[in-house]
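This briefing is meant to be read with the sequence and the model side by side. Please keep both in view while going through the points.

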Amino acid sequence: MIRVLLAEDQGMMRGALALLLGLEEDIEVVAQVGAGDRIVPAALEARPDVALLDIELPGRSGLDAAAELRTRLPGCRVLILTTFGRPGYLRRAMEAGAAGFLVKDGPVEELAASIRRVLAGEKVIDPALAAAALSAGPNPLTPREAEALNAAADGATVADIAARLHLSESTVRNYLSSAIGKTGTRNRMEAVRAARRQGWL
């Protein structure tokens, strides 16, 4: 049996996925979590063969959890299953050690086959998304620029962002200005939206 951990914040979707995967003769869902900060503890307890993770989860992103799973539970293969097929997310997922990346609008048979394939050592990536990621190129934002943009997303002032990130206001202005330039936008809110569209944040 292939032991699967399922991380999905929407209860109905999580239940439906668990039910559908449970119909497969060789797949057993051994753990289900609705928050990103529950992924690693649940995986260490249940010891799944494959962790099926959403990206945008409360508590912690699936991408951050994937990176920790790579070191804490190296035998567990990670398959990202998300609504957000963004090129930047795909690139970040691969950097975090994910073995696969699928979008949720695919058929369930494809999901079961992908679970088997990643366990066999293959990489499984949505073909349209792979092509988009190649044409989009790498994330141009530095970690600090991305951090400043994230902090600006709720409309915080430069002073608020500086206090939150323990930086000077002039440093924050420089990071935001650089991020605006790299995203080709006119202001920080447009930069946040553009970076999110690409999956850079």
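Predicted model: local features only at pLDDT ≥ 70, side-chain atom pairs only at ≥ 80, totals over all residues.

Residues are numbered from 1 along each chain as its sequence is written, and side-chain values use heavy atoms, with hydrogens and water left out.

**Aspartate 54**
- Aspartate 54 lies in the loop between strand S3 (50–53) and helix H3 (62–72), where helices (H or I, at least four residues) and strands (E, at least two) are DSSP runs numbered from the N terminus.
- With a relative accessible area of 5%, aspartate 54 is buried (under 20% relative accessible area, with a 1.4 Å probe and protein chains only).
- The side chain of aspartate 54 makes polar contacts with the side chains of threonine 82 (3.5 Å) and lysine 104 (3.1 Å); a polar contact is a pair of N or O atoms within 3.5 Å, and within protein one must be able to donate a hydrogen and the other to accept it, while residues adjacent in sequence count only if both atoms are side-chain atoms.

**Glutamate 8**
- Glutamate 8 is found in the loop between strand S1 (2–7) and helix H1 (11–22), and is buried, with a relative accessible area of 2%.
- The side chain of glutamate 8 makes a polar contact with the side chain of lysine 104 (2.6 Å).

**Helix H5**
- In H5 (residues 108–119), the residues Leu111, Ala112, Ser114, Ile115 and Val118 are buried.
- Seen down the axis of H5, its buried residues fall within an arc of 160°, so they line one face of the helix; the arc is that of the directions from the helix axis to the C-beta atoms.

How values were computed. Buried < 20%, exposed > 50% of the residue type's maximum accessible area, 1.4 Å probe, protein only. Expected span 1.5 Å × (residues − 1).
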